[in-house]
Amino acid sequence: IPNTVARAVESLNELPISMLTIHTSGGSEMMGWALEAQVTGNPDLLLLGVTILTSMDRTGLEETGVTADPTDQVVRLAQLAIDCGMKGLVCSPLELPVLRSKFGPEIAMITPGIRPAGADLNEQKRVMTPSDAMRAGASHIVIGRPILRAADPADAAKAIQAELGNQP
């Protein structure tokens, strides 16, 4: 509920974090309270509105009662977040082109569901490679298991950096 989320945001004021996610499906009142708590307690914190989890596809959405196409639902939730004053979104890389064209470069776009070519998708459904996600407009990419579960995590991270053109 709005009060609980606002108090949670306030409770993190002393921690050295720069980004925090909240779910846009909590609605405008909840996001508004969270933003108010962020602005008064930690103005440098970037609140990110999570749209639809990258592990969900149309079937998963329908199980929750959402019959909209995943992209349409992401755009709907993103617009709600932006209208509330959010400055960042968490979305699958597949929605980046439509969101970038709609909201421009000033909105941070964080994309989980990033998998290097040939990597196991696990339960992820809406995915893209690191370089494709960056070309599509991601400001940040989230890569977990392809690095964490690699035989050599440092080498896996270096390979992704090389793919992105960033030498470590």
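**Entry 1: helix α5**

I started with α5, residues 96-103, where Leu96, Leu99, Arg100 and Phe103 are buried. By buried I mean under 20% relative accessible area, with exposed over 50% and partly exposed in between (1.4 Å probe, protein chains only). Helices (H or I, at least four residues) and strands (E, at least two) are DSSP runs, numbered from the N terminus.

Why do I say the buried residues line one face of the helix? Seen down the axis of α5, they fall within an arc of 100°, so they share one face. The arc is taken from the directions that run from the helix axis to the C-beta atoms.

Next I looked up what that face packs against: α4 (70-84), β3 (88-90), β4 (108-111) and α6 (130-136). A contact here is a pair of heavy atoms within 4.5 Å.

**Entry 2: a note on the model**

I am working with a predicted model, in which local features need pLDDT of at least 70 and side-chain atom pairs count only at pLDDT 80 or more, while totals for chains, interfaces and linings use all residues. Residues are numbered from 1 along each chain as its sequence is written, and side-chain values use heavy atoms, with hydrogens and water left out.

**Entry 3: the sheet**

I traced an open sheet of 5 strands in the order β1-β2-β3-β4-β5, with parallel pairing. The edges belong to β1 (19-23) and β5 (140-141); each has a single partner strand, so one side of each has no neighbour in the sheet. I count two strands as paired if DSSP finds at least two bridges between them.

Then I went through β4 and its partners. β3 and β4 pair in the parallel sense over 3 bridges. Across this pairing, Gly88 stands opposite Ala108, and Val90 stands opposite Ile110.

Which way do the β4 residues point? Ala108 and Ile110 point one way, Met109 and Thr111 point the other way, and all are buried. The chain gets from β3 to β4 through α5, in a right-handed β-α-β crossover. Right-handed means that, with the strands pointing away from the viewer, the path from the first strand over the helix to the second runs clockwise.

On to β5: β4 pairs with β5 in the parallel sense over 2 bridges. Thr111 has Ile141 as its bridge partner in β5. I also noted that β4, α6 and β5 make a right-handed β-α-β unit.

**Entry 4: Ser131**

Is Ser131 buried or exposed? Its relative accessibility is 13%, so Ser131 counts as buried. Ser131 lies in helix α6, and it touches Glu163 and Leu164, leaving out residues up to four places away in sequence.

**Entry 5: the whole chain**

I found 8 helices and 5 strands in the protein chain. Along the sequence, the pattern reads α-β-α-β-α-α-β-α-β-α-β-α-α.

For 168 residues, a compact globule would have a radius of gyration near 15 Å, and the 17 Å of the protein chain agrees with that. The radius is taken over C-alpha atoms, and the globule rule is 2.2 Å times the number of residues to the power 0.38. The C-alpha trace spans about 45 × 40 × 30 Å along its principal axes.

Of the 168 residues, 42% count as buried. Among contacts between residues at least 6 apart in sequence, 59% join residues at least 24 apart.
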